[in-house]
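Notebook, two chains to look up.

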Amino acid sequence: MSTIRVPEADAAGWRCACCDCDLVLAPVELEYMGSHFSVELPACPQCGAVLVPEPLALGKMAEVEKLLEDK
Amino acid sequence: MAMDQKELRQWEARCIQEEMPRCTAACPLHVDARAVCGHVAEGRVNDAWAVLVRTMPLPSVLARICDGPCRTACLRGEFGGGIDVAALERFCARAATKSPRMAPLPRRKGNAAVLGGGFAGLCAAWDLARKGFSVTLYGPRPAGRLAAPTDADGELAAALAHELETMAKLGVRFEDGAAPGVAADDAAGAARWLSDRSAPGDAGPDAAPDTFDAVFADPEAVPAALHGLGPADPVSLGTLAPGVFSGDTGSGVPASPVALAALGRRAAASVERFAQKASLTAGREHEGPVPTRLYTNPAGIERAAPAPEPEGGHTEETAAREAARCLNCQCLESVKNCAYLAHYGAYPKVYARRIYNNASIVMGTRHANEMINSCMLCGLCTELCPTNFDMAGLCLMARRDMVQRGKMPPSAHEFALRDMAFANGPSCALARPAPDGGRTELLFFPGCQLTASDPGGAEAAYAALRAARPGVGLLLRCCGAPARWAGREDLFAESLEALRTDWRALDAPPIATACPTCAATLRQALPEAEILPVWGLLGAAKTGEATESIAEGAGTAKSSGIAGAGAPLAVHDPCAARHDEPARTAVRGLLAGLGVATVEPRLTGKHTECCGFGGLLAEANPPLAAKAAARRAAAADQDFVTYCAMCRDMLARAGKRALHVFDLLYPRHADPAARPAPGHSERRENRARLKDRLLRELWREPGAPPAPHEAVRVRCTEEAAQRMEERRILISDVQKTLLHARESGAALVRADATSGRRLAAYRPVSVTYWVDYEPEGDGFLVHNAWSHRMRILGLDGREGRGASTAGDGPRTYGIGARASDQRGNE
């Protein structure tokens, strides 16, 4: 599974509160309607907490969700 | 189950929009006169000419001699005079500067002879050549009436010469003899040749007859009296001799040039069928002038006087004027009056096919899902359509099919189904006999949208009913309509069964509902119960033994300036009351009793329009729902008064001043027509609080204990509140997310660390919610929230956790499965 890079995934600005460290871009596995994707998202390098930024959730992610729902 | 081909045909046949307009149906050649008029009116003469050339044989000739039988059929005839299409044809023939290229079909193995160059014969030869036959035309041309000198300036003769040249280019061979081996002027000889041809093996010395697969005898050149093969069959033009066709059916040669042309066309079609060994008669009822089912609403058509053809023919200007009188006959009765049907750019016949195709897709995108889920299921189209096309039935069938096959997009109706589950869950559902006990004589069922929109109104109505009669019980829950609209018959049955159990436990009394959708739904699904609209009862209570509260209410209504002060209100009938005439009448009676003057909006009663909520349009396609609501809002200049809480709120959201009948019966606001529609979270709160209050005050029972997340104190910025409403994120979703963050400590913080802003995520069931917040006292201030349905499984290659770690519940949302812990999960 090749990793998809999206411009909306911006690691800057947020830190993990639990681990007290900056988020870094890392490949994250996403799933919807049985389809799996690897997307590079900001994530905590220690605990693996992932950020889905608002523009991504409401933009590309929503588009893909709709596409998969209509498949 | 999805529809099959046969069912599709039945659905398609219901829609008459593609039926021919009157002019085309009346034309023996079915020339698209509507298109010709459209082009000429817009100055596109070459396009108009192309339409004629595509349909007519020898167009340069026929366009000049057509007698225009369409004119008497034209609907415009009732509004100033039928369009003189024949004059427009003449204009096009003269004014066109370009003709479309004439390409015959590829040559096929078929030889045909035409005896006689009358107009029917010429047209038969023309059509046969275009079909790819090798055609030989015998005899002088033109013959018959076409040969008579009809135009002094030779325009027609030139046109004929031009078309004969075209025919030659198409491969037609011209022979001067009246038939093979027969002299030019020997009609009797031609007839003899024909007769001989009918006796195999007895052909004359010239073997040519046998080289033809079929022959057509022009009725003017070789009449039946001469050939002796009997009058031709009017459908196939066949004679006693196989392969010999004649234009003489025994009823005389048609005087109409276009009828002659049609005769030639019919002959060519028969020759083709004969050559293909196909039936000569089957399926030919559509040839020639036919009746049409196309309906065009004459309402609003204004008279327009003809633009007569000037001496010497139309100019571009006079032709355009005459053509512009064309009414462009269409049906579109439903499409013109439905935001949904208009939105998808076509009409029911096309939609039926799209729906069929959508269900047939195995791999690929189902483009019609949104269309199927956007029908308001309101039934207006069926009322307006001349053939009662039932778009609601079609879409509902498609939705059920999608659900059954697991192809319904989960996001389409999930929010509404969650709301229904909430209304039927422990926070909101309630079934009680009258507070003072005794047998339940009447069960008040306000409906879950009324209790969401106006809990005070529902409470007041219940008080009024109890004051007017003994034994009025209360049933708070959803009728199940959202499940039905979503195609979820499983959820509907489950909800109905719970309702039936409550109803039976309360002595199975008549149900008085304050929601037209509940009334329609329960009448259909719970036929053993008597369903009464509450309006009549409240009206009776008011006019008869007027109770103090109702009398007070009405008095206030009159004096408050809301109504009865002269400004009439427009009555908006909810679409669910379309077939509930008693309810519509009762509401008007109630309003009259309150002294409220009323007017009817455009489209009312059984023709009322949906507010945009019906069929869950507002869930599946919010922008279109807003459009539908705006459309309805524009149906009257006056403030609306209605008797469906959802209609009231949809109209209010569209910026229309709108009242619910309860606003007049039980006035509680200074300007109730301007009362804002409560948002999604508030609607839930209203229901839950109403139950809680009624339980405590009327039945002296404690309410249900609050779920842990309800204790989380949350305040939203105005922007956040607005976004949450648009994004269908509830306060309770935010509370659960924040509770989870507080308990788990899982959150992100701003890197600059100065703002105190944090970001938490949580996935209670099938949606992940993100909340951007900051602590505020012992609670939280919410700045933003968003959500997605995609699941975060974790970092590739290791068991990671998203910020949404804890809450990955079941993938699909099931109301029944979660009913027990509704309070906690909702």
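In what order do the elements of chain A run from the N terminus on? I read β-β-β-β-β-α-α, where helices (H or I, at least four residues) and strands (E, at least two) are DSSP runs numbered from the N terminus.

I note that this is a predicted model, in which local features need pLDDT of at least 70, side-chain atom pairs count only at pLDDT 80 or more, and totals for chains, interfaces and linings use all residues. Residues are numbered from 1 along each chain as its sequence is written, while chains are lettered from A and ligands numbered from 1 in the order in which they are written.

I looked up the extent of chain A: its C-alpha atoms fill a box of roughly 40 × 20 × 20 Å along the principal axes. Of the 71 residues in chain A, 35% are buried (20 or more other C-beta atoms within 10 Å of a residue's own, with C-beta atoms placed from the backbone).

Next I turned to chain B. I found an open sheet of four strands there, in the order S12-S11-S13-S14, with parallel pairing (two strands pair if DSSP finds at least two bridges between them). S12 (598-599) and S14 (658-660) of chain B each have a single partner strand, so one side of each is left without a neighbour in the sheet.

I then checked S11 (residues 569-572) and S13 (residues 640-642) of chain B, which are joined by three bridges. Val571(B) has Val641(B) as its bridge partner in S13(B).

Conventions. A residue is buried if 20 or more other C-beta atoms lie within 10 Å of its own, exposed if 12 or fewer, and partly exposed in between; C-beta atoms are placed from the backbone.
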